[in-house]
Amino acid sequence: MDLRFEGDELKSVLNRLRRAQGQISGVIRMIEEGRDCEDVVTQLAAASRALDRAGFAIIATGLQQCLTDAGNGDGNGETTDEMKARLEKLFLSLA
């Protein structure tokens, strides 16, 4: 399953990933500076949520494309059950 992003989809995912990258940099800096544990954990939780949202957006785009490709007969020979199993595995990997 090749993933194709277009326009706003790509911008949205990249923005989420950049936000997470900035938050992770902030967590590292906070630890290096000896900041309060509660502040560090709060920032780490925000980074985790940003990564989760980016992952779900990527999987949702993949699901939409798979369904579109299957409906158009453009699949790679994969059965619906195989595609479903692969997508389910991706979703569970983020759980």
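Analyst: Start with one cut-off: a residue counts as buried under 20% relative accessible area, as exposed over 50%, and as partly exposed in between. Keep in mind that this is a predicted model.

The part to look at is helix α1, which covers residues 7-32. Confidence in the protein is highest here, at a mean of 89. It is lowest in helix α3 (residues 80-93), at a mean of 76. The mean pLDDT of the protein is 81, and 80% of its residues reach 70 or more. Where pLDDT is low, the predicted coordinates should not be read in detail.

Now take glutamine 23, which lies in α1. Glutamine 23 has a relative accessible area of 15%, so it is buried. What does glutamine 23 touch? Leaving out residues up to four places away in sequence, glutamine 23 touches Gln43, Ala46, Ala47 and Ala50.

Isoleucine 24 is also in helix α1. Its relative accessibility is 36%, so isoleucine 24 counts as partly exposed. Helix α1 gives the most to the patch, with five residues.

Last, turn to helix α2, residues 37-72, where arginine 53 is found. Arginine 53 has a relative accessible area of 47%, so it is partly exposed. Along the chain, arginine 53 and alanine 20 are 33 residues apart. Their C-alpha atoms are separated by 9.9 Å.

Technical notes:
Residues numbered from 1 in each chain as written. Predicted model: local features only at pLDDT ≥ 70, side-chain atom pairs only at ≥ 80, totals over all residues. Heavy atoms only, no water. Helix = DSSP H or I, 4+ residues; strand = E, 2+ residues; numbered from the N terminus. Buried < 20%, exposed > 50% of the residue type's maximum accessible area, 1.4 Å probe, protein only. Contact = heavy atoms within 4.5 Å. pLDDT = per-residue confidence, 0-100.
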